[in-house]
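This report describes the fold of one chain and its contact with a second chain. The sequence and structure come first, and the description follows.

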Amino acid sequence: MSKPWVLTQGLLLVPLVGASDSFAGALGLWLAWTLVILGHGSVMGLLRPRLTTYQRLLASVVLAATLATCAGFAVQAAALEMFQPLSLYFGWIALSCVVLEHEGFFAESSPPARLRLVGLFGLWMTGLGALRELIGSDIPMILLAPGGFILLGLLLAAHQAWTAVTPHSIVEEKPRP
Amino acid sequence: MKNPGGVAILILLIALGIGATYFTHIGTAGRIEAQQHAIANRSVLEVLPADRYDNQPLAQPVLAGPLALAHSTLMGGYLATRNGQPSAVLLRSQAPGYEGSIELLIAIDPLGRLLGVKTLRQSETPGLGAAIAGWPNAWLQAFTGKSRQAPEDSGWALSKDAGQFDQIAGATVTSRAVLQAVHDALRYFDEHKAQLTGVAANE
């Protein structure tokens, strides 16, 4: 329960660089991922107590593949043009579900912690998507994967610099034995 | 198995998963196909201004290829109509480029003037000949408004061949291939005007 859930888990960095070259695409992928992950989490919550560890993994794979495929079909039917550059990442959604399940995200985390990760990921996806779309019209390099990587690095550096300024009160005030 | 209940749940889950995937596929296939069709249509018909036609030009073929011309091959032709009157003929032309074959869509109005030329497929050198790709395309726009009569046949060549058209820098072969394909198409249109635009009038 104490484990903080961050973006380096569940393969979340993959689309953060690869699928954030347009705001609409990033938002669409995030919404699809959120729906699938919530569906996967709630069904696995029902099944988990009745399955062995090995069966859990199998069930997770089948469930994630089904949900991601159905979500992919639905998005294709609604907006094929948006789907085409993202088609690869609908496979990633299933993979992300299985990895998160395996890491114990659904079993161990509390609902607020889950929502926090979903929100954080959405914020980064849409933020990066909007930023890359804005800058991309002037610097086309930003729209390519390396450009996204550099931008993400700069943003993380800025974030790091920002948190370094604020005092580390929480860490230091911990009572020590 | 240690957990027969779990196995039953797994089998049920797999069956449900297959069923859900199958029915979602059946349910969405029609819409997906319609969208694919619309996207393909749109990318081809970009060459025509939207107010030029009110039919489905791609559903109205007037020429079945392949048909070899002097420098290129016509792969097909379509008629665009507006209020039942022919408003443009679209010719799909294939010409040998520098790297591979170039596929062009050439739109000609009933008077024989070019409405636009669009590259549908090409594999020319990136950074040089590949400049013929993309839409709208600055270099291909130079053809708009030209016809077989203006300029004369002798003018239908690159500047370095004593003609009227600039070439793409560093891509003489590509430029010449496109120019000759466009000229071929205009010549073919001129010679088969009645056949190309008249078919619809009789229908």
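## Helix across the sheet

Helix H3 (residues 172-191) of chain B lies across S2, S3, S4 and S5 of chain B and runs at about 140 degrees to S3(B). Axes are lines fitted to C-alpha atoms, for helices over the stretch in contact, and angles run from 0 to 180 degrees between N-to-C directions. Two residues are in contact if their C-beta atoms, placed from the backbone, lie within 7 Å.

This is a predicted model, in which local features need pLDDT of at least 70 and side-chain atom pairs count only at pLDDT 80 or more, while totals for chains, interfaces and linings use all residues. Residues are numbered from 1 along each chain as its sequence is written, and chains are lettered from A and ligands numbered from 1 in the order in which they are written.

## Chain B overall

Chain B has four helices and five strands, in the sequence pattern α-β-β-β-β-β-α-α-α. The radius of gyration of chain B is 24 Å, well over the 17 Å that the globule rule gives for 203 residues, so chain B is more spread out than a compact globule. The radius is taken over C-alpha atoms, and the rule is 2.2 Å times the number of residues to the power 0.38. Helices (H or I, at least four residues) and strands (E, at least two) are DSSP runs, numbered from the N terminus.

Along the principal axes, the C-alpha atoms of chain B fill a box of roughly 85 × 45 × 30 Å. Of the 203 residues of chain B, 33% count as buried (20 or more other C-beta atoms within 10 Å of the residue's own; exposed means 12 or fewer, partly exposed in between, with C-beta atoms placed from the backbone). Among contacts in chain B with a separation of 6 or more, 50% join residues 24 or more positions apart.

## The sheet

The five strands form an open antiparallel sheet in the order S1-S2-S3-S4-S5 (chain B). S1 and strand S5 (114-121) of chain B stand at the edges with a single partner strand each, so one side of each has no neighbour in the sheet. From one strand to the next, the twist averages 20 degrees. Strands pair if DSSP finds at least two bridges between them.

Strand S1 (residues 61-68) of chain B is joined by five bridges to the antiparallel strand S2 (residues 73-82) of chain B. A hairpin of four residues connects S1(B) to S2(B), and B:Leu67 stands opposite B:Leu74 in S2(B). Eight bridges join strand S3 (residues 85-96) of chain B to strand S4 (residues 101-108) of chain B, also antiparallel. Here B:Ser93 stands opposite B:Leu104 in S4(B).

## Contact with chain A

Contact between the chains involves 19 residues of chain A and 19 residues of chain B. On the side of chain A, H3 and helix H4 (80-83) of chain A each give two or more residues. H3(A) has the largest share, 13 residues. By class, the side of chain A that touches chain B has 12 nonpolar, five polar and two charged residues. Ala, Val, Leu, Ile, Met, Phe, Trp, Tyr, Cys and Pro count as nonpolar, Asp, Glu, Lys and Arg as charged, and the others, Gly among them, as polar.

Helix H3 (residues 53-78) of chain A packs against helix H1 (residues 4-45) of chain B at an angle of about 10 degrees, with their axes 9 Å apart. H3(A) is therefore roughly parallel to H1(B) (angles under 35 degrees; over 145 is roughly antiparallel, 65 to 115 roughly perpendicular and the rest oblique). The contact of H3(A) with H1(B) has 14 nonpolar, 10 polar and one charged residues.

## A residue of helix H1

B:Ala40 lies in helix H1 of chain B. B:Ala40 counts as exposed because 11 C-beta neighbours lie inside 10 Å. B:Ala40 and B:Tyr78 are 38 residues apart in sequence and 15 Å apart in space, C-alpha to C-alpha.
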